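Hi everyone, thanks for coming. I'd like to walk you through a structure today, so please have a look at the screen.

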There are 2 protein chains.
Amino acid sequence: MVGSELVGGDPMIDERLAHLYSQETLTAQPSVIREICSLVARPEVRSLAGGWPDPAVFPSREIGRIFAELLEHKAGPVLQYGSTEGLLELRELLAQRLALEGAKGLGPENVLLTHGSAQGMQLAAQVFINKGDTAAVGLPTYVGGPGSFHSRGAEMVGVPVDGDGLDMGRLEETGRRLKKEGRPIKALYLVPNFQNPTGSTLTLDRRQRLVQLAQELDFIIIEDDPYREIRFEGAYLPSLLALDKAGRVIHLGSTSKILTPGLRLGWAVGEAGIIGRMAQAKQYFDCATNTPAQYIFLEFLKRGLLAPRIKANIDHYRNKRDWMLAQLQRHFPPQVTWNRPLGGFFIFVHLPAAWNAMDLFYEAVASDVAFITGQSFFVDGSGANTLRLSFSQASKEDIEAAVAELGRLIRARLEKG
Amino acid sequence: MVGSELVGGDPMIDERLAHLYSQETLTAQPSVIREICSLVARPEVRSLAGGWPDPAVFPSREIGRIFAELLEHKAGPVLQYGSTEGLLELRELLAQRLALEGAKGLGPENVLLTHGSAQGMQLAAQVFINKGDTAAVGLPTYVGGPGSFHSRGAEMVGVPVDGDGLDMGRLEETGRRLKKEGRPIKALYLVPNFQNPTGSTLTLDRRQRLVQLAQELDFIIIEDDPYREIRFEGAYLPSLLALDKAGRVIHLGSTSKILTPGLRLGWAVGEAGIIGRMAQAKQYFDCATNTPAQYIFLEFLKRGLLAPRIKANIDHYRNKRDWMLAQLQRHFPPQVTWNRPLGGFFIFVHLPAAWNAMDLFYEAVASDVAFITGQSFFVDGSGANTLRLSFSQASKEDIEAAVAELGRLIRARLEKG
């Protein structure tokens, strides 16, 4: 798909100035997730499509109380512009928090507050990517990474992802080949924990190998880690930021999955020089991050409200994961496979190899059931037989009914041959 | 200044991955305004530097009451992700509001909510600018426009600004010459009302000529209009958006000067096709705009709270403008000239032609007085003898004392010859 078809798919929109558009505009892909979610936004649809958090776990009372107190005591600074880097005290606390996770020696100069972690990806791409540079991503990967790279005109290269995360052998092979060809990998984007869309987590061995490879092949790593704290079982693994000694990791965090996404608050962490460059770019991207969101999150941290909130979230989502796994076990035939994620929001399903999940999608929507087809997460256009199911937002009742209906549709297809 | 000197001017920061930086990173200029403001952030400084709004006019009680009610009645959507375009109802109301200002026939598809109007500039640059494209700005101009253009690798060309705004004769001459040279102007950025930094307003004749020229020379106009509603006297002029019939204007608005800047809420308005492309780019810039800010502003509009708020702001800032003008009249010698802005936050001062305002700046800072030197607003490096004074945030006492001290320093320099 190219050109004006992309914009909401509306051919009625006259784009009379399209001859002035930038090349990245003309070649941009819309987010298929977003397109699908708006397509199935009817209330009668039982949707496993969107990967949004469950409003049932939004701490609205605590947020309301904190904001009221903030306005009572310091309305001026809370409603004023803030610095581009963000609140110093919040950056200090985030650096301390990362130290507890193993990333030692960080201070506020290593932390930039961003308007969601998406902005961190974009600023990292702005700082590092020239048009035509090579950027590596997983096959599959969350679309935000490739989207940011594309906005800067990068060429994307895919590296397979399996149940243990990115395949390091394939990354090394690809990296060495591209280096020889004079188009070395400059940046790699990944979600190390409970990846969107596969739910897979990069093993410790692979993490150690990845930071070595970044040094050997001279690339930077954008570590997008919004799900880390939503771990249902097993030990927390050190972040790439904690393992790296060469200043090659830009680590991105977010309040979206642990508190609430509407605040649009994220942080980018890395070497002070890089963070300074990202802050400089941010001056022209949006001047500064929403101030109330920063103060509200700061109070959550200072008052010790975040840890119990995260614990409650883990319990809530683990319960929903287990429920979805039980429904899959019950309703899906053995010709279909899926994984058991140790955290996060997603389960990834493989249909029989020759199938196209888009066919199933249209049937599902006709039955008021929705999911996300997997192909849009593969920058090489593969993955046609995959789909992503999210257990984060749907009710248990909807999960049960939707999985049952999908199972029925899959069995019917199998019977047809 | 190039290279690592730029980052906070801190040579101690080791930038060991600088060889991987993008060209735009290596050539980016930090915001001098921001550097100066952080330099003079000591409490004893009487600062006329920052152009921030006055917290005295932030409606914190109304914001607090509205947010509490929103959390009471619809916490889920208020704290959840929103759509990339922003709240439909708010976009509808903004389109209706623009119709009252003369821009007819707009609907929600013409409006994109942004994280401050700065993001609107950046998204417009993303949609239109390829590396090496020519972008036109005023001499002087607010730094956000050139900063956004530069982030996409544009070449900047300056067009003189006088008391009536951008000089249309010079724009036409420059535009025709550049077109002949094969590097036509693709985009023009301006602040039409009470421009930052000069306070000057583009006349109606020039507005009409500008939209003609955009059509004749085939460029787009980014109309950054945050001060429009802070008009102290005289009739409101139609926006370029209202005058244009060719879909060439992207109009940017913001709550920062009429409500409060910490919300970081702006809007971009233009032809549906362009707005759709900007929304598509925004998917990867930050997914969506802060949700509570959108709901709070929506309630301000629906409850009729914005109009009285704006009226109170106008009275407040007019009073401060008059006060600063009176102090200038009293303390500045006749060798120094300044304008009388009809709105906004700024007065622009011309020192004698051979002077460098930076010399005065260092003397002023030693006397605990601050302003912004004008040169950083000129993309051609001219304007060394100019400075910007802001009356928006300083108290009347500070305005009086700071202007008196500047007058004393200027007279002392004149006496030295």
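Let me start with a definition, because we'll need it in a moment: two residues are in contact if their C-beta atoms, placed from the backbone, lie within 7 Å. Keep that in mind, and keep in mind too that this is a predicted model.

So, where do the two chains meet? The contact takes 76 residues from chain A and 75 residues from chain B. On chain A's side, the elements that give two or more residues include helix H3 (60-79), helix H5 (117-128), helix H10 (272-285) and helix H11 (291-302) of chain A. If you sort the residues on that side by type, you get 34 nonpolar, 31 polar and 11 charged.

Now, which surface does each copy use? 99% of the interface residues of chain A are also interface residues in chain B, so the copies meet through the same surface.

How are the copies related, then?

Is Gln122(B) buried or exposed? The cut-off for buried is 20 or more other C-beta atoms within 10 Å. Gln122(B) has 30 of them within 10 Å, so Gln122(B) is buried. And what does Gln122(B) touch, leaving out residues up to four places away in sequence? Tyr284(A) and Phe285(A) from the other chain, plus Ser148(B) and Ser151(B) from its own. Look at Ser148(B) in particular: Gln122(B) and Ser148(B) are 26 residues apart in sequence, but 5.0 Å apart in space, C-alpha to C-alpha.

Okay, let's step back and look at chain A as a whole. Chain A has 14 helices and 14 strands. Its radius of gyration is 22 Å, close to the 22 Å that the globule rule gives for 417 residues, so chain A is as compact as a globular protein of that length. Along the principal axes, the C-alpha atoms of chain A fill a box of roughly 65 × 55 × 55 Å. Buried residues make up 56% of the 417 residues in chain A. Also, of the contacts in chain A with a separation of 6 or more, 75% are between residues 24 or more positions apart.

Next, find strand S6 (residues 185-190) of chain A, where 6 of its 6 residues are buried. Strand S3 (residues 134-139) of chain A pairs with S6(A) in the parallel sense over 4 bridges, and Ala135(A) has Ala187(A) in S6(A) as its bridge partner. S6(A) is also joined by 4 bridges to strand S7 (residues 220-224) of chain A, again running parallel. There, Leu188(A) stands opposite Ile221(A) in S7(A). Together, S6(A), helix H8 (residues 204-217) of chain A and S7(A) make a right-handed β-α-β unit.

One last stop: an open sheet in chain A, with 4 antiparallel strands in the order S10-S11-S14-S13. Strand S10 (337-338) and strand S13 (372-373) of chain A are at the edges with a single partner strand each, so one side of each is left without a neighbour in the sheet. S10(A) is joined to strand S11 (residues 346-350) of chain A by 2 bridges, and the bridge partner of Trp338(A) in S11(A) is Val349(A).

Note on methods. Residues are numbered from 1 along each chain as its sequence is written. Chains are lettered from A and ligands numbered from 1 in the order in which they are written. This is a predicted model: local features need pLDDT of at least 70, side-chain atom pairs count only at pLDDT 80 or more; totals for chains, interfaces and linings use all residues. The radius of gyration is taken over C-alpha atoms; the globule rule is 2.2 Å times the number of residues to the power 0.38. A residue is buried if 20 or more other C-beta atoms lie within 10 Å of its own, exposed if 12 or fewer, and partly exposed in between; C-beta atoms are placed from the backbone. Two strands pair if DSSP finds at least two bridges between them. A crossover is right-handed if, with the strands pointing away from the viewer, the path from the first strand over the helix to the second runs clockwise. Ala, Val, Leu, Ile, Met, Phe, Trp, Tyr, Cys and Pro count as nonpolar, Asp, Glu, Lys and Arg as charged, and the others, Gly among them, as polar.
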